[in-house]
Amino acid sequence: MTRVETPDDLYRLQQQLKAETDPDQPRISVCCGTGCRVHGSMDVIQAFREEINGRRLSGKVEVVGTGCHGFCEKGPVVVLKPSGVFYEGVGVEDVPEIIVETMMNGAVIDRLVYTDPLSGDRVVHEHEVPFYQKQKRLVLDLNGDIDPTNIEDYIAFNGYAALSKALLQMKPGEVIEEVTQSGLRGRGGAGFPTGVKWRLCREATGDVKYIVCNADEGDPGAYMDRSIMEGNPHRVLEGMIIGAWAIGASQGYVYIRNEYPLAVENLRIALRQAEECGLLGHNILGSGFDFTVQIRPGSGAFVCGEETALMASIEDRVGEPRPRPPYPAVSGLWGKPTNINNVETWANVPIIIDRGAEWYSEIGTDQSKGTKIFSVVGKINNTGLVEVPMGTTLSEIIHDIGGGIPGGRECKAVQLGGPSGGCIPSAHFDVPIDYESLQELGSMMGSGGMVVCDEDTCMVEFARYFMDFVQQESCGKCVPCRLGTRAMLEVLTRITQGEGSEGDIEYLLELGGQIKESSLCGLGQTAPNPVLSTIRYFRDEYEAHIRDKRCPSHVCKALIQYTIDVDKCTGCGRCLRSCPVEAISGAKKETHVIDQEKCIKCGTCLEVCKFDAVVVE
Amino acid sequence: MDHQPIFDASEIDDLLNGQRDGRADSLMGVLEEVQARYRFLPKDALILISERMGIPLSQTYGVATFYNAFSLEPKGRHVISVCTGTACMVRGARKVLERISEKLGVQPGETTEDGQFTLETVNCLGACALGPVVVADGAYSGEMTGAGAEALLREVVAEVEKA
């Protein structure tokens, strides 16, 4: 690996790497993010390498395993360059055909081509896929191009140029000013202005200062941080080094979820390579600035995403939050000034320094600048990572980019911001999203997890799920969160079991308000949100459970019954054989019957019936 | 319990004497190593670690019981994790979890009597496009149904019995 000692060295290396890259050379990009790996992308990549060797094409065709492309619905995703032909669901058996037919003969293989779920159109090229077309990818732009385990790939795409610019041409105060002017706000959820945070830490007195990358992406349903770290870890590191220099920090930590093994691995590789390259460590690019980064794997506690709890965990203590002030900028890790930003925030920094605050601040809305990555998951056709300018509407994300709801069903609501956020019903899908508008709707940006619910999602059970989650993850230090969430969970559980009573809704509202006001940290202060927002928009569902003892979405077991439709049942016996409790009886070719006494409502019969004869009501 | 790995004080000494990479000064780093080696944190190990590192036992115990990654009970040789993140839940993870729980005869967080299997839930693996996701000994399986989970479990059990 070439060591770069000065900004000139870096520039020369960049030029050299660019010169060595022939844009017309055939290149096969295989997504190796966590999702595509499950579908077998590592075998696919191996098969491509073997096929290429076997056909003596090595050196002529390059195979690159990239990070997550963000289009996760049907992996493995393969993109052929320079043509941009896009294949999905590629298997090892398809590899020889792709090489011969597409790479050598330029023919498109029909069965691997993506079909747009909305229009039914076949889409051959990556740039024509509607999912990508309507996005604005600043942070995720290189995820499909570079090998995240090779620093030279990143450098060839102007990587670390922003760091060089900051160290060579700007003063620390100017860097902070640039970030402030850009309007960048924390992407972890709260949306605090990043530049202001940096300045506070810069101005705080302390012989040692720390910076931290919060990669404890705990919100279920959010995985943009994982994908950034898996796909382009150097951009995060570059952001951190620029931040450290601007703030005057000498040591950085990445606190990363252990549930993300691939992200941890790629980050470790990136750290080692950046050190070997001279971009981390002593006297970075000859500037006299020293900075090192350590990885701290989290040990599985949701509350550690809260900054004071996170710091306690880095200090080897129980991850309990503490009251603020003092803010970390004044007294953080080991009592020293500390600046904490999340992964996506750090990854935005090199872009801002490289292209300028003025350019960046033209993207987005008045109050919220730049882009935001959402992970659009749940009942949606195109599950994946969507990076759009702030101010995009939910409708554009769900319908135009997400491709709508599977099976032609109706979208009922989206849940944003995980256990801290709230549900937004489809009536509000035309509101431009930014930090403020989401809060007005009773939700929040959060880290950007966007869970789409259709008619089959019971909003009461959904609220109960989140309350169960925060109740388990509550660290127990403060009473409102520890006991309040438990009390709310008990009421919600009763309601879903058909034992709700008049006054429950009012009680939940009152208790929720108190927990929000009196909890110690963000976990408790936001814990009631999923309940409050579902009561706000779906009060009728709560009332149906409480008054009519009915679950309109047919989810809550105590309130539903499985029966067999006499007209549709063919007596095939599938359900009878699959029932785990032998609750179904009936002779062959005659209508089957479910014994309600025995039935445990597991839904297996509904799952296996080929004639839609099992009815739930 | 005869399947419990035998605690060896000299191994802890080796750990503390720096025969591990990186976090020589880190309590959590040491606990992670011990957890990985024994599949739980033996009481004697916690006492020894506290003494050697000069950390009050109360603090060591606090850390050992606070984080999900640590366990004071031995975990099974094979760990089955069901993702109960929101996306997986919306897609039916509850049914999958119930089916596996019923088949193994243990509740989430518990280990089978023979010490072979531990059933766990995980809050989100970030593989939301594949939901519901089940991870058996590190291998991910996506788009699970109740029936699919049962088939997966049969495969895993067959592997174990073969080995």
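Here is a short chat about this predicted model.

Colleague: What should I know first?
Modeller: This is a predicted model: local features need pLDDT of at least 70, side-chain atom pairs count only at pLDDT 80 or more, and totals for chains, interfaces and linings use all residues. Residues are numbered from 1 along each chain as its sequence is written, chains are lettered from A and ligands numbered from 1, both in the order in which they are written.

Colleague: How many residues of chain A are in contact with chain B?
Modeller: 39 residues of chain A are in contact with 33 residues of chain B. Contact means C-beta atoms, placed from the backbone, within 7 Å.

Colleague: And the classes on chain A's side?
Modeller: That side has 15 nonpolar, 17 polar and 7 charged residues. Ala, Val, Leu, Ile, Met, Phe, Trp, Tyr, Cys and Pro count as nonpolar; Asp, Glu, Lys and Arg as charged; the others, Gly among them, as polar.

Colleague: New topic. Which strands form the open sheet in chain A?
Modeller: The order is S2-S1-S3-S4, with mixed pairing. Strands (E, at least two residues) and helices (H or I, at least four) are DSSP runs, numbered from the N terminus. Two strands pair if DSSP finds at least two bridges between them.

Colleague: Which are the edge strands?
Modeller: S2 (62–66) and S4 (85–87) of chain A. Each pairs on one side only.

Colleague: In what sense do S1(A) and S2(A) pair?
Modeller: S1 (residues 27–31) of chain A and S2(A) pair in the parallel sense, over 5 bridges. Arg27(A) has Glu62(A) in S2(A) as its bridge partner.

Colleague: In chain B, which residues of H1(B) meet H3(B)?
Modeller: Ala9(B), Ile12(B) and Leu16(B). They meet Ala45(B), Leu48(B), Ile49(B) and Arg52(B) in H3(B).

Technical notes: Contact = placed C-beta atoms within 7 Å.
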